Amino acid sequence: MVEKRSAIRLLKERGGVITMRVPRRASRGARSTIFRPKDRFAVTETLRDPCPDKTRSDLEYDRVLQALAARCVSEMGRALAHELPFAATRAESRRLMDEAREATALLDAAEPLPVVALGDVSSAVGRVGAAGVLAPPEIRELGKALGAARALRRFLGSRRSRVPALHAACTTDPTLDALADELASAFDPDGTLSDRASPRLKELRGEFHAARQRMLSRLEDLMSKYEAILQDRFITEREGRYVVPVRSDAHERFPGIVHATSASGATLFVEPRAVIPMGNRLKVLEAEVQREEQAIYAKLSDRIGESLPSVVAAIDALARADVRAATARLAEDLHLAYPEITDDARLELRRARHPLLLLESAEPASAAGTSGEVQLEAVVPSDLAIGARRAMVVSGPNAGGKTVALKTMGLVALMVRAGLPVPCAADSVVGIFEVVLTDVGDDQSLTKSLSTFSAHVRNLARILDDTQPGALVLLDELAGGTDPREGEALAAGMLDSLTARGGAVVVTTHYEGLKALALADARFENASMGFDLPTMSPTFRLARGVPGSSSALAVARKFGLPGTVIERAERFLSREDVHFETVVKKLNDERAALELARADAERREAEAEAVRRALDVELRAAKDREQRHVSKEAEALLGAVRRAREELREAQAKLRAKKLDVASVKEAQAAVDRVAAQVAVGGALDPSLLATPPPISVPVEVPALKKGSRVWVARVRAEADVLEVLTDGAVRVQAGPLKLVVDPSELRAVAPEPDRRKAASAAKPGGDPAGLEVAVQTTDNTCDLRGLRTDDALSMAVSFLDRSINDERRVCFLLHGHGTGALKEAIRRELKSSPYVRYFRAGNPGEGGDGVTIAWLS
């Protein structure tokens with residue numbers, strides 16, 4: 001925002017247009033507004049019309065609009081599409097593109113905009129604005145339009161977060177809903193004015209129908225009385241009066257008024273004198289009904305007039321929505337995309353196609369009721385690029401696609417200004433050009449005494465005057481139709497002047513001098529349309545950076561010019577021409593070889609990508625299967641542990657009871673044995689069988705931990721995936737369905753499978769662990785060897801084992817402590833060699849740890 005003086009100064013400096021947003025401080029209806037010193041002004045640079053008449057004709061832009069209008073469903077939408085305005089500002093251009101993009105997204109999601117086939121109501125709106133009274137069909141059509149506006153508003157309101165641009169552009173006044181309901185209720189489904197329109201209308205229509213029925217009954221009575229002189233027995237109307245058919249030779253005997261005769265004259269249509277007062281009353285009632293209906297039409301017209309601005313806005317919103325829905329269908333039919341929009345005056349088009357060629361390819365398929373995919377792919381795409389103060393010199397054979405490339409760039413620039421998607425890849429970049437200036441085709445005129453060249457020069461002069469930064473200039477066969485040397489010099493001068501004025505220029509040419517100029521001047525760039533010499537046909541692909549050969553002699557040979565003529569023509573070519581053509585041919589051959597190599601590399605890359613995707617899918621499936629298996633096993637394990645705990649609790653409760661009979665003791669012993677069989681080494685709940693064998697004890701380095709790492713968790717004796725390294729240093733892991741937070745010291749590195757088996761084998765004590773009972777420590781099965789010398793401790797331990805065998809004890813606890821470890825090693829060597837010991841191990845942390853050795857006896 002700037003002050004008023006600053007805004008005017010900026011206008012003078014930039015030559016732009018200033019739009020002033022005036023604070024609403026004047027009274028409503030005032031013809032002027034008083035500005036105060038604190039008023040501020042928003043400066044908006046308005047873009048000029050980008051499509052002069054010459055450009056519209058050269059590029060056939062109207063055909064694009066016709067294709068858009070053909071996809072509209074309402075008359076108002078078609079009218080707007082035929083005259084689709086261009087965005088006046090860069091912000092508006094982006095807003096229009098956002099609206100079209102959102103409409104396309106809705107269509108892709110099978111939620112198209114709710115547009116309705118409506119007639120043109122512009123004349124009706126104009127008559128309401130002039131305080132006129134609308135006809136019933138016009139009122140009904142406006143009511144239908146307001147109902148459609150309500151449906152559109154509700155549709156967009158429910159999707160406001162997804163389509164903010166469409167919601168802002170096509171929302172309507174919700175107070176119009178009451179008017180829409182009033183207009184809809186005023187008419188019956190068949191289009192006639194309803195009796196509900198007013199109480200007086202209902203009353204008058206009731207009187208009219210009753211009077212008519214009385215008259216018809218009276219006429220029936222009269223026909224029965226005078227049946228002998230009637231031509232036929234029916235009642236009809238003539239001149240708005242009810243009459244009966246009377247024979248012409250007996251009408252004197254039938255009192256009444258003759259209103260008409262038959263074509264033969266044999267029948268007279270007579271209104272009986274007895275029903276004339278009734279007919280008069282009927283006419284009066286009919287007139288009153290008509291007056292009441294006209295009063296209702298006037299009232300409804302006034303109601304519309306009271307909300308006329310909102311009504312006009314609603315109609316505009318419906319037309320806009322219809323055009324956006326048509327834009328989405330056009331984008332779907334022609335595979336149009338929404339490129340990146342930039343303020344810079346430049347084009348970077350990837351795989352661009354001419355939209356009119358796409359239309360011509362799609363229409364036959366649509367007419368046949370088949371998909372247009374194959375026909376659309378038949379239009380060869382090209383990569384096109386141009387920027388401000390630069391020029392592209394496009395050369396190549398005739399009918400090779402040079403002009404098509406030229407028009408494609410112009411149409412893309414215009415379509416973006418109009419908010420339409422463009423026929424190129426989505427990663428393209430399109431700048432907002434202020435104007436597109438063209439000179440394509442022959443403008444010679446006998447009536448204006450203009451030759452081809454003079455008309456061309458006249459267009460060039462106009463284009464030169466209009467060129468400024470932000471202009472896209474497209475020139476076909478620049479400076480052609482005159483002496484080649486002078487034309488070449490004129491073309492070079494035009495390119496230099498146009499680029500100096502800031503224009504983005506694209507020209508097609510056969511001049512060798514312009515091709516050479518593009519090689520020497522960094523502002524200019526060569527581009528060429530490909531030509532396949534073996535088949536003598538153009539490839540329609542544009543290659544940037546290399547000039548193209550016109551191949552005039554080759555094309556002439558293809559189209560039947562005698563070989564002798566071609567040979568003589570070749571002799572007339574200068575040495576420089578031949579050398580230049582040779583160099584160009586060599587460049588084109590190298591470019592073709594590079595394209596083949598690139599195509600092969602792209603094919604290989606695509607195949608490798610397909611293999612990679614297939615492997616990724618297979619890997620994910622394998623991981624999912626493993627995860628499901630681990631989850632199922634973990635659930636079964638947890639269930640078994642819970643059941644075992646419950647049985648132990650029951651056994652402990654019975655053991656704590658003061659009075660135990662023999663049966664209770666045996667039952668508790670059986671429960672303990674069942675649990676022991678499950679948790680014993682080799683049992684159903686043995687961790688060594690339910691989990692992966694522990695890895696080699698290698699601590700994990702904390703810096704090496706990251707999300708997705710595989711580690712061994714000692715607490716659960718299982719491998720787990722690292723989910724997160726917390727800020728306090730702890731690690732969150734997941735083992736099957738179990739998630740827990742552990743200290744890094746509890747984690748171990750996962751060793752390779754052979755190392756795991758080796759480590760597990762080395763750590764396993766001797767003996768057979770299968771079928772062992774649970775180790776429950778009591779005073780009877782515990783021998784305390786602490787404080788004894790090694791020899792004395794060994795003797796005491798052997799004696800204790802002998803007594804335990806005699807007492808049929810199954811498990812013994814030998815307490816030797818830690819000390820120097822000599823007593824522990826001696827005890828375990830003795831146990832390992834003892835024939836009475838089936839299996840032994842160090843105690844768990846809850847059993848005394850490594851200061852206790854637990855032995856199971858045979």
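How many disulfides does the count come to? The count comes to zero, where a disulfide is a pair of cysteine sulfur atoms within 2.5 Å. Cys72 is buried at 5% relative accessible area, and Cys170 is buried at 1%.

The model is predicted: local features need pLDDT of at least 70, side-chain atom pairs count only at pLDDT 80 or more, and totals for chains, interfaces and linings use all residues. Residues are numbered from 1 along each chain as its sequence is written, and side-chain values use heavy atoms, with hydrogens and water left out. The mean pLDDT (the predictor's confidence in each residue, from 0 to 100) is 80 for the protein, with 77% of its residues at 70 or more. In residues 368–374 the pLDDT is below 50, and this stretch has four contacts beyond near neighbours in sequence, a contact being heavy atoms within 4.5 Å. Residues 754–764 also have a pLDDT below 50, with eleven such contacts.

Helices (H or I, at least four residues) and strands (E, at least two) are DSSP runs, numbered from the N terminus. Helix α10 covers residues 199–225. Its 27 residues should span 39 Å at 1.5 Å a residue, and the end C-alpha atoms are 40 Å apart, which agrees; the expected span is 1.5 Å times one less than the number of residues. The buried residues of α10 include Leu201, Leu204, Phe208, Met215 and Leu219, and Arg205 is also among them. The buried residues of this helix pack against β2 (241–247), β4 (267–272) and α11 (276–306).

Strands β21 (811–815) and β23 (852–857) are antiparallel over five bridges, and Leu814 stands opposite Thr853 in β23.

Two alanines remain. Most residues other than glycine have a negative phi. Ala110, in the loop between α5 (90–108) and α6 (122–129), has a positive phi of about 60 degrees and is exposed at 65% relative accessibility. Ala131 has a positive phi of about 65 degrees, lies in the loop between α6 and α7 (136–157), and is exposed at 70%.

Conventions. Pairing = 2+ DSSP bridges. Buried < 20%, exposed > 50% of the residue type's maximum accessible area, 1.4 Å probe, protein only.
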